[in-house]
Amino acid sequence: MLADVGSIDRDIAMRLRQLATEETDGLVLQYLASALPRMVDEDRHELAIAIDSRPLAGEDRRLRQMIWYGLQPSLAGDALRGADTARRLSTHEMRRWAFRRLASEGVQEPRVLPLLLSAAECDADMGAIADRVVGIREGLQGVLRVEKPEDWEAFRQRAAGSAGA
């Protein structure tokens, strides 16, 4: 009931984030996800990451969609925070959606694509790298020309090396 009315202050957001790390009930996690739009961006990102890290998020597409609908409006506002949030998401679908959203914004903002590549390089998990690459590709679909980021070749070689490992 703390999150039912108006915007959510920092103390309540912290309590909700703590609850998200402990909770296993799907209805409670959906309630927490429904609070995302009423939070400031920083708290919204942290709560979305916490809910997405729960095992149920990997099993329940509706829960992932609720997290996404609460998170996505704030993703592109701060490209650095958005890339960090996308990197820290746990489920494949959420990572792909986040990187797709950020890449589509990157068409207008040239500094975004290098951030997405550097965020993708942090992972040793090939599945996580693949999620990012697929998301970036989907975000750029239909775009006729994109300037190749200067880190592209280094990223491509790292990803190819990880695939062979």
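Local features of the predicted model are reported at pLDDT of at least 70 and side-chain atom pairs only at pLDDT 80 or more, whereas totals for chains, interfaces and linings use all residues. Residues are numbered from 1 along each chain as its sequence is written, and side-chain values use heavy atoms, with hydrogens and water left out.

A search of the whole structure identifies twelve salt bridges, a salt bridge being a side-chain nitrogen of Lys or Arg within 4 Å of a carboxyl oxygen of Asp or Glu. One of these joins Arg-64 and Glu-93 through their side chains, with an N to O distance of 2.6 Å. The pair connects distant parts of the chain, since Arg-64 belongs to helix α5 and Glu-93 to helix α7 (residues 92-106), 29 residues apart. Helices here are DSSP runs (H or I, at least four residues), numbered from the N terminus, as are strands (E, at least two). Helix α5 spans residues 61-75.

Arg-64 is buried, with a relative accessible area of 10%, and Glu-93 is likewise buried, at 13% relative accessibility. In these terms, buried means under 20% relative accessible area, exposed over 50%, and partly exposed in between, as computed with a 1.4 Å probe on protein chains only. The side chains of Arg-64 and Glu-93 also make a polar contact at 2.6 Å. A polar contact is a pair of N or O atoms within 3.5 Å; within protein, one must be able to donate a hydrogen and the other to accept it, and residues adjacent in sequence count only if both atoms are side-chain atoms.

With residues up to four places away in sequence not counted, the residues touched by Arg-64 include Ala-57, Thr-91, Met-94 and Trp-97; contact means heavy atoms within 4.5 Å. Under the same exclusion of residues up to four places away, Glu-93 touches Arg-61 and Arg-64. Glu-93 and Asp-131 are 38 residues apart in sequence, and their C-alpha atoms are 7.7 Å apart in space.

A further salt bridge is formed by Arg-17 and Asp-43, whose closest N and O atoms are 3.9 Å apart. Arg-17 lies in helix α1 (residues 10-22) and Asp-43 in helix α3 (residues 41-52), so this pair ties together parts that are 26 residues apart in sequence. Arg-17 is partly exposed at 24% relative accessibility, while Asp-43 is buried at 3%.

Arg-87 and Asp-84 form another salt bridge, with closest N and O atoms 2.8 Å apart. These two residues are separated by about one helical turn, because they lie three residues apart in helix α6 (residues 79-88). Arg-87 is partly exposed at 27%, and Asp-84 is also partly exposed, at 28%. Elsewhere, salt bridges that share partners join Arg-10, Arg-17, Glu-42 and Asp-43 into one network.

Two packed helices are described by the angle between their axes and the distance between the axes. Helix α1 and helix α2 (residues 26-34) pack at an angle of about 150°, with their axes 10 Å apart. Axes are lines fitted to C-alpha atoms, for helices over the stretch in contact, and angles run from 0 to 180 degrees between N-to-C directions. The two helices, α1 and α2, are therefore roughly antiparallel, a term for angles over 145 degrees. In their packing, Leu-16, Leu-19 and Ala-20 of α1 meet Val-28, Leu-29 and Leu-32 of α2.

Conventions: Parallel < 35°, antiparallel > 145°, perpendicular 65-115°, else oblique.
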